[in-house]
Structure formats: structure tokens, C-alpha cells
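Work through these exercises with the structure open beside you. Try each task before you read its solution.

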Amino acid sequence: MRRTIPLAIALLLTGCTLFSPKKATTQQLENVAKEWCLTMRASQVLCVYPLSEDVQVGDVYLVNTSIANQVKQYTQNGFLPFDMLLTRMQPVNYRAMYANAYATQDQWGNIPHQWQFPANAPTNNWAAAPHAAFPSYTFAVQQGQSLKLAVPVQAVPIGLSLLNTTQAHGAIEIDDASTYGIDQLSVDQQVEAWAACPATRALLARYAPDAGNTHYVRVITRVYLTGKVNVSVTNDAQRGGGLDAGVTSAAQLPSAAPSPGDVATGYSNLVTTLNNTINGGTTIAKPGGSIRIAAVSSRSVSLNETFDRPIVIGYIAYDRAIGPGGALGQARSTLQQMEGTVDPAPQPSPNDVTQSVTFGPDANSMVIRSFVKDAANRTSLQNWLNAQTITLTIPLIINGQDQAPLRQRIVDEFNLGGPCGTAGN
Amino acid sequence: MAQQVTDIPRSEVGNVVQDFVDNGEEKVFVEKQPDGKYTVSVP
């Protein structure tokens with residue numbers, strides 16, 4: 001037994017290496033990702049792989065490949081790689097989205113950081129965020145294929161090492177899941193305002209259609225996070241594998257005919273010893289977590305992996321094609337494009353490129369026209385429009401037939417009075 | 001981004017052009033539509 005303990009520790013230390021994705025082939029890694037991402041897809045969510053804390057609602061990515069190629073990639077691998085992050089916008093409509101719920105009061109410009117790094121608190125506050133739930137994920141492994149089941153959590157290879165098995169099956173439960181998001185209407189107005197900036201337009205113009213290749217911007221509107229993953233692994237092999245079953249021997253509990261008190265004490269000591277071994281000998285990569293053994297027997301082990309801070313596992317997004325001059329086309333759901341239920345996001349039409357309104361002023365038009373004759377008033381109005389992420393110009397607002405509600409809003413906001421003024425003057 | 005106002009009666013074209021000029025536009029185009037109304041646009 002004395003000889004098996006150092007060997008058990010060595011096995012644990014090398015276990016992650018033996019099962020490390022770094023040692024796997026590219027094909028095996030792709031299989032790994034696909035298996036994991038199938039769980040996300042079943043929940044109508046796009047998979048993040050590898051897992052990352054640094055994916056947020058309002059992120060805008062550049063997509064360099066065609067929708068057809070992405071569909072092929074998505075079908076083969078189960079996930080879409082993130083390309084270049086173009087910008088990270090802070091959505092402005094969180095207040096309407098969440099009112100004061102979920103610990104968002106007076107934190108509209110800070111979401112999600114008030115959950116990640118709450119003021120005057122030692123730990124994160126993701127428990128206050130909207131909750132989510134995912135189905136459990138089952139897997140099986142045989143000798144020589146162990147890497148194919150690996151998922152982006154460390155508990156699985158450690159569990160396999162503990163069992164020292166060549167055949168196993170198990171389940172992964174995504175626990176402590178949370179989510180937050182924003183409505184597409186408001187965030188797309190922000191995208192419009194961002195894309196209309198000269199510097200942005202110049203950047204996007206570089207990705208105008210070229211020899212039939214279309215590029216896209218991908219806007220994240222919702223993300224899903226998990227703070228904890230529960231893993232259970234059961235040994236299916238009739239006999240152990242080729243290595244000395246140091247840990248397995250230690251895990252063969254309870255021993256034959258001990259007293260009830262010995263069983264409880266021995267089991268408790270074993271779990272404690274294994275937990276100490278794991279957490280003392282395993283290097284945790286960031287974003288990392290701690291792994292605790294919840295239960296163990298000669299044929300199965302259950303582990304809980306808790307992340308320091310929840311990490312993003314899935315997202316919802318939409319795409320817009322980049323047209324000539326950097327103009328953006330109509331939006332299409334990324335997931336629906338990948339599933340083939342909608343056509344690829346189209347190129348911008350002339351109406352997308354040109355802001356066009358039909359002439360149709362009303363009494364408020366004259367009031368606003370008079371108001372903006374003063375340069376300071378015009379600047380005030382433009383600043384207000386910018387703050388509301390309204391990209392329509394003042395002449396179009398004054399003269400557009402469909403802009404009557406916006407004109408009324410302006411008259412009320414600036415207390416302009418006139419025949420339609422409701423706020424008095 | 002190009003902008004335009006369509007279906008403008010002849011009597012209102014001047015006001016619309018002035019709105020664009022007041023907003024800082026240097027080039028304003030007026031085009032007569034087949035139906036006799038006008039389109040005012042800026043590039």
C-alpha cells in the first residue's frame with residue numbers, strides 16, 4: 001500500500017497529461033468540441049469553444065468566411081471559431097430589459113461586471129443574474145479513444161485517471177448556469193451608429209465583397225455561463241488498465257467485512273486524501289477552478305469542478321453582411337443560418353446604403369426647424385440623438401413622414417411647446 | 001451615408017434644401033421625379 005500511494009500521486013500528476021488535449025490530434029480535438037457543443041446546440045445555443053470568461057453581450061466580431069463554409073464548419077465541428085473582435089459595445093437598453101431586477105439597479109453601464117466583480121464583496125455575484133439550465137451530457141470511452149470524450153473541463157481526465165480504466169461511461173451536468181442578454185432592436189441601433197462612424201466605415205470597407213467572398217459582422221446578443229460542472233465516471237472495463245492500479249486499489253471501498261464504523265471512516269479518509277492530492281498536485285489553468293471529489297468507489301467516481309468565476313459556454317448572435325463601402329446589410333440569426341432555416345445574411349440593398357424618407361412634415365417639423373436655427377440648440381439635439389443611438393439626421397427627422405413619433409418625442413424632450421407640445425413651454 | 005427626401009412638393013423644396021444646408025451639407029442635389037414631385041439628396 002505504501003508503494004501505491006506515491007504511484008497514485010504520480011498517476012494523478014501525469015493523468016492530465018495523458019489525457020491532455022495538447023497530446024491529441026487535431027481530429028480528436030474537433031471531436032471533443034463537437035461532443036461538448038451538441039449539448040449547447042440541443043438548447044438552441046451556439047457553443048463557445050474553448051470556454052472563455054471574456055465573451056460579452058455587445059461584442060462585435062468579424063467573420064471572414066462565407067456562410068456556406070461556416071455551415072460546413074459548424075456541422076463538422078459543432079462550433080464556430082471567433083475571428084477578430086472589432087469592438088465591444090456596452091448595450092444602452094439594459095434598464096428597459098431588466099428594470100431593477102437581478103442586481104442591475106444603477107449598474108446599466110457596468111453589466112456584467114457588477115456580477116463579475118461586485119463592489120465590497122470577495123466573490124462574484126453571478127447567483128443574482130438570471131438563471132439558466134442545460135440538459136446533462138453523457139459520454140462513453142474505450143481504450144485508445146479516451147481523448148475523444150474529453151470536454152473542456154478538467155474533472156473528466158482526472159476521473160478517468162482515478163479509475164485507471166480503458167472503458168468507461170459518464171455524465172456531465174452543467175450546474176450553476178446563468179444568462180443575460182439584450183434586445184436586438186436596441187443593440188442593432190448601436191451597431192448602426194458604430195458602423196456609420198468614418199473610422200469604422202473605413203475599416204469595414206476593407207472587408208467589402210471580394211471575388212464572391214462575403215464577410216460579416218457577428219453581434220453577440222445573449223451569453224450563457226456556468227459556474228460549476230458535475231462529472232460522474234463509471235468504469236465499464238472488466239479489469240483495470242495497464243498501469244499499476246494505485247489509485248484504483250485505494251478506491252476499492254469498502255474492504256471486505258469491515259465494521260460499519262471503519263467503512264465510514266475509511267471512506268471519508270479516502271475522499272479527503274484524494275481531494276488533497278488533486279488540489280495539491282494539479283496546475284489549474286486560467287480561467288480555472290477547483291475540483292472536489294463528491295463520491296468514489298472501486299467502479300465510479302463523481303467530481304465537482306467549480307470555476308473561480310463563471311465562464312461563458314454558449315451565446316446567441318446575429319450576422320450582417322458587409323457590403324461595398326462598409327455598409328451593412330439586413331440582420332439574420334446566426335443559429336438559424338447555421339441550421340439552414342434562413343438564407344444567409346444578404347448584402348446591403350440601396351435602401352440600406354441610403355437613408356431615405358418620404359416627405360411628410362407636420363406642425364412639429366416647423367417647431368424643430370425653428371429650434372435648430374440656433375447652433376447651440378442643434379448641437380444639443382444632435383448630442384441627444386447620439387445618446388439615443390438614433391442615426392437619422394436632423395433634416396430627415398424634420399421632413400420624414402414616418403418620423404412624426406420621433407418629432408413629438410423631441411418636442412417633449414426639449415420642452416419646445418408649439419401646437420403639439422404636451423410638456424408646456 | 002447618403003440621405004434623401006422624396007416626394008417633395010415644388011413649394012417645399014427650398015425648405016428641405018435649407019434644412020440640409022443648415023445641417024452642414026455642402027452639396028445638395030434636387031431631382032424632379034416622373035410624377036412631378038422632387039427628391040432632395042446629399043451624397
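## Exercise 1: A residue in the core

Task: Leave aside neighbours within four places in sequence, and list the residues that Tyr224(A) is in contact with.

Solution. The model is predicted. Start at Tyr224(A) and skip its neighbours within four places in sequence. The contacts that remain are Val45(A), Ala132(A), Ala177(A), Thr179(A), Val312(A), Ile313(A), Gly314(A) and Tyr315(A).

The largest nonpolar core has 72 residues. Tyr224(A) is one of those that touch the most other members, along with Val223(A), Val312(A), Ile313(A) and Tyr315(A). Strand β9 of chain A, residues 300-322, gives this core its largest share, 12 residues.

Then look for another core. A second, separate one has 19 residues. Its members include Ile368(A) and Ile398(A) from chain A, and Val40(B) and Val42(B) from chain B.

## Exercise 2: The partners of β9(A)

Task: Find which strands pair with β9(A), and in which sense.

Solution. Take the strands one at a time.

- Strand β1 of chain A, residues 46-52, pairs with β9(A) over three bridges in the antiparallel sense. Here Ser52(A) has Val312(A) as its bridge partner.
- Strand β7 of chain A, residues 216-235, runs antiparallel to β9(A) and is joined to it by 17 bridges. Here Arg218(A) has Asp319(A) as its bridge partner.
- Strand β10 of chain A, residues 328-333, is antiparallel to β9(A), with four bridges. Here Tyr318(A) has Ser333(A) as its bridge partner.

Now look at the hairpin of β9(A) and β10(A). Five residues sit between the strands. Gly325(A) takes a positive phi near 75° in this hairpin.

## Exercise 3: Where the chains meet

Task: Describe the side of chain A that touches chain B.

Solution. Begin with the counts. 15 residues of chain A are in contact with 13 residues of chain B. Next, find the elements. β11 (354-358) and α16 (394-399) of chain A each supply at least two residues of this side of chain A. Then sort the residues of this side by class: eight are nonpolar, six are polar and one is charged.

Now follow the strands across. β11(A) and strand β1 of chain B, residues 2-8, run parallel and are joined by five bridges. Thr354(A) stands opposite Ala2(B) in β1(B).

## Exercise 4: Chain A as a whole

Task: Sum up chain A in its helices, strands, buried share and contacts.

Solution. First, the elements: chain A has 17 helices and 11 strands. Second, burial: 36% of its 425 residues count as buried. Third, contacts: take those in chain A between residues at least 6 apart in sequence. Of these, 75% join residues at least 24 apart.

How values were computed
Residues are numbered from 1 along each chain as its sequence is written. Chains are lettered from A and ligands numbered from 1 in the order in which they are written. This is a predicted model: local features need pLDDT of at least 70, side-chain atom pairs count only at pLDDT 80 or more; totals for chains, interfaces and linings use all residues. A nonpolar core is a set of buried Ala, Val, Leu, Ile, Met, Phe, Trp, Tyr and Cys residues joined through C-beta atoms within 7 Å. A residue is buried if 20 or more other C-beta atoms lie within 10 Å of its own, exposed if 12 or fewer, and partly exposed in between; C-beta atoms are placed from the backbone. Two residues are in contact if their C-beta atoms, placed from the backbone, lie within 7 Å. Ala, Val, Leu, Ile, Met, Phe, Trp, Tyr, Cys and Pro count as nonpolar, Asp, Glu, Lys and Arg as charged, and the others, Gly among them, as polar. Two strands pair if DSSP finds at least two bridges between them.
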